[in-house]
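Hi everyone, thanks for coming.

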Amino acid sequence: MKTLHYALVLIPFLWSCSNDDSDEYQNLPIDYRVPSNFPPLAYNLANNPLTEKGFELGRKLFYDGRLASDGIVSCGFCHIQEDAFTHHGHSVSHGVGDAIGTRNTPPIQNLAYQTAFMWDGATTHLDLQPIIPFTSPIEMNGDFTAAINMMKNDAEYQKLYKQAFADGLINSENMLKALGQFMVMATSSNSRFDKYRRNESGGTLSQDELEGYAIFNQKCASCHATDIFTDNSFRNNGLPINPSVNDVGRYRVTELEQDRYKFKVPSLRNIEKTAPYMHDGRFYTLDAVLNHYSSGVVNTQNLDPSLNNGTLGIPLSTTEKSKLIAFLFTLTDNEFLTNPKFAEY
């Protein structure tokens with residue numbers, strides 16, 4: 001039996017499958033369990049307890065294009081479940097009126113274990129994160145007053161808000177809390193790697209995958225830390241700057257020179273499914289990503305010190321790259337990618 005780094009934490013809620021459709025207030029709590037190979041939750045469940053109806057409301061909101069100004073672009077428009085809730089194949093996000101953004105759509109998975117959101121960490125509270133894409137003129141271009149009026153005139157929303165929250169109010173606070181519950185529940189923890197870490201059935205790794213894991217721990221894990229595969233930090237990974245965009249990254253939030261060109265270290269979970277890669281989606285394959293780290297790092301302003309230890313980048317042989325990719329594919333969680341709980345209905 002392997003020794004696991006993190007103990008199982010039980011949150012005393014019960015997931016129920018009640019099908020009672022009455023209009024009376026009914027809302028059973030959800031039993032959320034922290035996987036034993038995960039670090040502790042960063043999200044405070046006490047401030048927004050997970051409930052069956054809160055999650056159901058959050059899922060409806062996530063897929064409702066009526067929240068956008070064009071009636072089409074929902075959260076799920078850019079966050080597609082089978083691609084770990086990314087916009088697969090699009091280098092940068094597309095929004096209302098075919099508006100084009102400047103950054104790649106990040107995945108929605110295991111956000112309850114992270115401490116900052118968006119590529120530049122524009123918010124540190126998961127419940128507040130949806131405000132950014134919702135109000136962005138090039139994403140959903142939404143308006144809270146219009147959205148709330150729409151929901152107040154929708155019988156299904158009237159019922160769900162009444163069931164999901166004790167006050168039953170259709171307002172922005174409850175809307176954001178429901179979306180927060182949906183995102184907390186979007187936990188990816190059943191990849192083959194997870195089963196290997198927990199010594200469960202189906203958790204066998206090949207020799208190449210095990211050697212890739214060893215290479216990863218030696219050369220990558222300082223940034224892609226824990227079994228969440230991010231240390232929640234912001235770093236400059238030596239990408240050549242695109243002068244037509246000149247995205248300054250974290251500097252946009254802090255206006256501190258030391259944060260210029262730094263972006264959040266992304267989780268590597270389901271990375272097989274989340275191409276293209278980097279904050280601007282410039283790389284379409286994992287081979288291209290590893291080639292950047294081994295031979296493409298540029299000594300730009302505020303380059304992370306770990307990428308400039310006498311030589312730029314991370315030395316990787318062709319064989320090491322192949323084994324790293326073999327390991328990274330073990331992080332694919334097909335149960336998460338196909339779970340009907342998270343699908344549009």
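When I speak of axes, I mean lines fitted to C-alpha atoms, for helices over the stretch in contact, with angles running from 0 to 180 degrees between N-to-C directions. Helices (H or I, at least four residues) and strands (E, at least two) are DSSP runs, numbered from the N terminus. Please keep in mind that this is a predicted model, where local features need pLDDT of at least 70, side-chain atom pairs count only at pLDDT 80 or more, and totals for chains, interfaces and linings use all residues. Residues are numbered from 1 along each chain as its sequence is written, and side-chain values use heavy atoms, with hydrogens and water left out.

So, how do α1 and α6 cross? The axes of α1 (residues 52-62) and α6 (residues 172-185) come within 7 Å and cross at roughly 95°. That makes the two helices roughly perpendicular (65 to 115 degrees). In contact terms (heavy atoms within 4.5 Å), α1 brings residues including Phe55, Leu57 and Phe62, and α6 brings, among them, Met175, Leu179 and Phe182. The contact of α1 with α6 has nine nonpolar residues, three polar and one charged; Ala, Val, Leu, Ile, Met, Phe, Trp, Tyr, Cys and Pro count as nonpolar, Asp, Glu, Lys and Arg as charged, and the others, Gly among them, as polar.

Now the backbone. Phe85, in the loop between α2 (75-78) and α3 (131-135), has a positive phi of about 60° without being a glycine. Phe85 is buried (under 20% relative accessible area), at 0%. Met118 lies in the loop between α2 and α3, with a positive phi of about 80°.

Finally, a cis peptide bond joins Ala275 and Pro276, with omega about 0°.

Note on methods. Buried < 20%, exposed > 50% of the residue type's maximum accessible area, 1.4 Å probe, protein only. Parallel < 35°, antiparallel > 145°, perpendicular 65-115°, else oblique.
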